[in-house]
Amino acid sequence: MNRNLKKSIIFILLIGVLVFSGCSNQESDEHKKTVKSSKVELLSGTLTVSTYYDGVIMSHAQNFMELHPNVKIEMAEPLDMGEWGSKGLEQYGMSTAIEIMSGNGADLIDLSHFSTYRYAGSGLLCNLYDFMDNDPEFNKADYYTNIFNAKEIDGALYTMPSSFTYDMMLVSRPLTERLSVNYDVLDYESILAIYESVHSLGLNPEPRILPGIVKEYFWRYEFPAYYNAQAGEAWFDSDKFIEYLEKTNTIVTPYDPVYKEWDKTRIVGDDSFMKSDYVFCSLEVTAIDVYNLLADYTNISAPVPIVSSGGDAMFRSMQAEYGIPTSSANKELAWEFLKFCVGEKSPPDSSDRKRAQEYVMNYHTFVPININNFRHAFRLQCELDIDMFGNSIQWKDINPKDGIDEMIALVHEWNLQRNREASETELYFLINSDLENYYYYDLATAEETASIIQSRVAAYLGEQR
């Protein structure tokens with residue numbers, strides 16, 4: 001199934017939805033009622049929230065204000081919601097930096113796609129661990145703490161992502177069965193090497209490498225190894241990065257940087273194109289994609305983790321990642337609202353399709369940072385998809401819903417393996433034109449490109465120190 005989509009560094013699902021209230025804790029029902037009642041009385045004040053592109057936060061705010069009538073939440077959305085791109089992100093980043101550094105920022109600020117260190121290193125953001133450790137209602141064990149650990153700066157956590165996502169790689173079984181290749185994980189080097197081996201077989205028609213691939217496809221996996229924001233250092237002018245540029249420049253792609261359209265064939269109930277058309281196909285781990293794990297496909301092997309060449313299991317926090325500025329006069333209220341946004345929400349029954357879909361879209365279909373929310377959301381979406389596809393898909397089990405528990409357990413294990421955050425979008429927008437000049441326009445050599453990127457990133461890191 002072919003879908004031509006406009007190129008963006010991330011794929012963003014924007015649907016404003018209703019959010020269902022209710023935070024989880026380990027206490028008795030009687031104590032829960034007491035705590036809830038007291039907080040309705042105690043929480044008051046006006047909270048300001050700044051976001052670039054979070055289409056869900058207003059629904060959270062409305063539900064929170066219903067629970068706490070003495071609280072008013074004001075939303076600051078500085079851009080037209082249709083203006084996604086490097087220019088809009090840069091404008092939001094500049095205004096956010098000015099507001100935070102001047103002490104006039106919102107009480108809760110969306111920092112997804114941005115480098116947190118520029119603010120954390122200057123003491124402009126609160127350590128969220130302090131709130132967690134002093135809040136008896138917050139249990140870290142309810143969350144993917146490996147994501148917290150990966151986002152730490154000098155042992156502190158300055159932003160809370162509502163959700164995260166990452167990719168697995170699907171491999172064509174017919175195209176690779178002739179190769180003596182065993183793999184538990186795949187990185188960019190092994191992907192290119194396997195493709196070259198398949199290509200050398202002289203097959204007709206000649207298979208392509210991966211739907212949607214561009215020459216800069218692997219940047220988010222590889223770039224974090226070449227800079228350290230905390231140390232203010234970068235190594236893009238190294239021989240290893242030059243080798244990375246040269247290897248990825250061999251990628252054959254139909255992507256056109258002028259029209260910014262390219263092939264995005266995906267597995268949607270049908271893997272026939274993986275028989276001879278492509279060697280690999282990526283599987284984004286989202287609630288709307290994991291039903292594929294329940295289907296009995298004949299042309300692909302089981303999903304394989306894609307990692308960086310250094311072995312790191314990357315993840316992306318693509319929306320709704322909030323921090324609390326130290327200048328906020330309402331820090332405790334900001335924490336209560338942030339905790340409410342990420343806390344466990346009771347799921348509706350999947351028979352109520354509209355409410356079930358709204359629940360899943362609370363997290364943009366990504367993996368919720370709250371473990372039970374992940375289980376609820378992915379189960380709901382799989383039940384919806386099974387009902388929608390019916391017998392049009394060959395399922396592994398006679399009743400595919402019997403396989404949901406095993407699927408959720410598998411994805412949960414994948415979630416726990418995430419140990420490093422992919423490079424932030426802000427950095428990519430800084431250097432993407434230099435990559436295009438090298439990859440598509442032949443305006444610079446690999447060595448020259450590495451030197452240019454080194455200078456840009458060094459200046460970028462210097463501004464953060």
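Helix α8 covers residues 188-199, and at 1.5 Å a residue its 12 residues should span 16 Å; the C-alpha atoms at its ends are 16 Å apart, which agrees. Seen down the axis of α8, the buried residues fall within an arc of 165 degrees, so they line one face of the helix. The structure described here is a predicted model.

The buried residues of α8 are Tyr188, Ile191, Leu192, Ile194, Tyr195 and Val198. An α-helix has 3.6 residues a turn, so residues three or four places apart point the same way. The cover over the buried residues of α8 includes the strands β7 (167-171) and β11 (280-284), together with the helices α7 (173-176), α9 (219-222) and α10 (239-248).

Strand β7 is joined to β11 by 5 bridges and to β12 by 2 bridges.

Strand β11 is accordingly described as mostly covered, with 5 of its 5 residues buried.

### Aromatic pairs

How many aromatic pairs does the structure hold? There are 30 aromatic pairs. In one of them, the rings of Tyr144 and Phe374 have centres 6.2 Å apart and planes at 65 degrees, so the pair is edge-to-face. This pair links distant parts of the chain, 230 residues apart: Tyr144 is in the loop between α5 (128-133) and α6 (145-151), and Phe374 is in helix α13 (residues 371-389). Tyr144 and Phe374 are both buried.

A second example has another geometry: the rings of Tyr227 and Phe236 have centres 6.3 Å apart and planes at 20 degrees, so this pair is stacked. Tyr227 and Phe236 are likewise both buried. They also belong to one aromatic cluster, whose members include Tyr188, Trp219, Phe241, Tyr244 and Tyr428.

Tyr428 has a polar partner as well: the side chain of Glu216 makes a polar contact with its side chain (3.3 Å). Glu216 lies in the loop between α8 and α9 and, at 3% relative accessibility, counts as buried.

Helix α11 has 12 residues and reaches 17 Å from its first C-alpha to its last, close to the 16 Å expected at 1.5 Å a residue. Of its 12 residues, 10 are buried, so the helix is largely enclosed by the rest of the structure. Among the buried residues of α11 are Leu333, Trp335, Phe337 and Phe340, and also Glu336 and Lys339.

Asp352 is placed in the loop between α11 (331-342) and α12 (353-361). Is Asp352 buried or partly exposed? With a relative accessible area of 31%, Asp352 is partly exposed.

Pro400 is found in the loop between α13 and α14 (404-417). Pro400 is buried, with a relative accessible area of 7%. Leaving aside residues up to four places away in sequence, Pro400 touches Leu294, Ile386 and Trp395.

| Residue pair | Separation in sequence | C-alpha to C-alpha distance |
|---|---|---|
| Asp352 and Leu384 | 32 residues | 9.6 Å |
| Pro400 and Glu383 | 17 residues | 8.9 Å |

Methods: Residues are numbered from 1 along each chain as its sequence is written. This is a predicted model: local features need pLDDT of at least 70, side-chain atom pairs count only at pLDDT 80 or more; totals for chains, interfaces and linings use all residues. Side-chain values use heavy atoms; hydrogens and water are left out. Helices (H or I, at least four residues) and strands (E, at least two) are DSSP runs, numbered from the N terminus. The expected span of a helix is 1.5 Å times one less than its number of residues. Buried means under 20% relative accessible area, exposed over 50%, partly exposed in between (1.4 Å probe, protein chains only). The arc is that of the directions from the helix axis to the C-beta atoms. Contact means heavy atoms within 4.5 Å. Two strands pair if DSSP finds at least two bridges between them. Rings of Phe, Tyr and Trp (its six-membered ring) pair if their centres lie within 6.5 Å; planes under 30 degrees apart count as stacked, over 60 as edge-to-face and the rest as tilted. A polar contact is a pair of N or O atoms within 3.5 Å; within protein, one must be able to donate a hydrogen and the other to accept it, and residues adjacent in sequence count only if both atoms are side-chain atoms.
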